[in-house]
Amino acid sequence: MAGVAGSGTGQGAAGGDGDDSLYPIAVLIDELRNEDVQLRLNSIKKLSTIALALGVERTRTELLPFLTDTIYDEDEVLLTLAEQLGNFTGLVGGPDFAHCLLDSVRLLAVEACVSIAQLLSEDDLEALVMPTLRQAAEDKSWRVRYMVADKFSELQKAVGPKITLNDLIPAFQNLLKDCEAEVRAAAAHKVKELCENLPMEGRETIIMNQILPYIKELVSDTNQHVKSALASVIMGLSTILGKGNTIEHLLPLFLAQLKDECPEVRLNIISNLDCVNEVIGIRQLSQSLLPAIVELAEDAKWRVRLAIIEYMPLLAGQLGVEFFDEKLNSLCMAWLVDHVYAIREAATNNLMKLVQKFGKEWAQNTIVPKVLVMANDPNYLHRMTTLFCINALSEACGQEITTKQMLPVVLKMARDQVANVRFNVAKSLQKIGPILDTDALEEVKPVLQKLGQDEDVDVKYFAQEAISVLALA
């Protein structure tokens with residue numbers, strides 16, 4: 001590269017214009033050596049410009065060896081270089097010279113292998129790609145091993161089933177027991193995809209004998225990110241392995257994860273229950289589910305509580321109305337008085353979805369009475385939650401329940417001492433108004449008119465808005 005960076009003869013340039021055309025190339029090459037990481041990154045992103053100017057032969061014989069000799073670098077620089085080389089095949093002369101890319105750069109070929117492997121025959125893969133991949137999978141830098149784990153599904157598809165069974169499965173086993181948690185977590189994320197992409201013939205045997213023993217170890221891993229990564233995908237194995245294997249081999253793992261000390265692990269299992277429900281039915285898990293759900297529902301982190309609320313309609317549908325009423329109903333009501341507004345809001349939406357799932361009659365007997373009792377709560381925030389629930393439930397419950405059970409409570413709350421409650425009464429009446437019949441609207445009209453004369457400006461505004469929207473003027 002000295003010739004390019006120095007005087008230059010112009011022979012390597014695309015147009016052969018001499019020093020002037022090669023000057024920018026020399027600058028880029030100097031930047032590759034610069035101590036400033038950002039300058040090196042910028043130069044690497046322009047490697048294709050250098051390669052185009054040099055031509056395919058000098059790219060192969062000068063640029064790639066130069067990179068090999070000079071760039072033992074920060075992992076971020078290596079990763080950027082690997083991304084560039086993944087698109088370099090045309091710049092070295094096409095598929096016939098693709099092996100140059102693998103020969104030239106220290107373990108940057110993980111990214112490049114994905115692109116290049118698709119161009120090569122099986123014999124060439126074995127000779128040219130696999131040595132690099134084997135080396136990368138055991139590299140001393142955990143970031144290189146991480147890259148192999150992260151790209152595993154793409155590599156698996158690129159090299160085909162034979163090489164997968166002979167080479168990638170053993171490499172994957174090593175990644176699952178890697179000394180670095182980041183590598184184990186990345187590999188754990190790929191467990192389901194790896195199993196799905198195995199050839200149907202012999203797939204079950206391979207998973208049971210060569211993958212599952214390593215998965216069992218990860219269930220009790222010391223790192224919570226590894227356990228959480230596994231929990232996010234492990235349920236998907238049940239549809240691959242079928243009912244018998246799920247009950248005998250996977251169910252004990254699910255149950256262990258439902259008792260894990262890390263909330264994210266328990267949450268990831270619960271959020272993927274539909275996979276297991278398709279195969280064995282959720283009843284197999286119900287007794288272990290309950291304690292896990294209760295703990296998540298009462299977790300100190302409000303975001304954990306929020307997440308379990310969002311899965312409650314799915315759980316309710318799978319567990320059935322009897323189990324829900326007996327075990328989970330009280331949780332759903334407790335969320336309505338949580339000290340975090342986002343939880344109260346989510347709990348309100350949750351009730352609406354439950355009514356849509358279980359029906360009006362269930363709502364009338366089970367939910368609505370408990371919601372309406374909160375209208376007399378000493379805490380005005382809880383009284384407002386009653387109104388939010390009525391807003392959410394009125395449409396799902398329909399005209400009769402709204403008119404007979406909910407409307408009288410809303411009208412009574414118009415006399416509340418707290419202005420925030422009164423203006424939310426006006427907003428609630430506007431919301432449920434379209435559901436009400438003419439007689440009911442006649443009851444609403446004088447209440448809104450009185451609120452329209454309220455001393456509080458917000459109450460007055462929302463009452464007048466409701467009168468206008470409902471055409472009660």
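Visitor: Leaving aside its neighbours within four places in sequence, which residues is glutamine 156 in contact with?

Guide: This is a predicted model, and in it glutamine 156, which lies in helix H11 (residues 152-159), is in contact with Thr164, Leu168, Glu193, Leu194, Asn197 and Leu198 once those sequence neighbours are set aside.

Visitor: Is glutamine 156 buried or exposed?

Guide: A residue is called buried when its relative accessible area is under 20%; glutamine 156 has a value of 3%, and therefore counts as buried.

Visitor: How many helices and strands does the protein chain have, and what share of its residues is buried?

Guide: The protein chain has 29 helices and 0 strands, and buried residues make up 55% of its 473 residues. Of the contacts with a separation of 6 or more, 67% join residues 24 or more positions apart, while the chain exposes about 21600 Å², with carbon and sulfur atoms supplying 48% of that area.

Visitor: Which residues of H23 are buried, and what covers them?

Guide: The buried residues include Ile343, Arg344, Asn350, Leu354 and Phe358, and the cover for the buried residues of H23 includes helices H21 (302-319), H22 (321-335), H24 (360-373) and H25 (380-397).

Technical notes:
Residues numbered from 1 in each chain as written. Predicted model: local features only at pLDDT ≥ 70, side-chain atom pairs only at ≥ 80, totals over all residues. Heavy atoms only, no water. Buried < 20%, exposed > 50% of the residue type's maximum accessible area, 1.4 Å probe, protein only. Helix = DSSP H or I, 4+ residues; strand = E, 2+ residues; numbered from the N terminus. Contact = heavy atoms within 4.5 Å. Areas by Shrake-Rupley, 256 points an atom, 1.4 Å probe, with all protein chains shown as cover.
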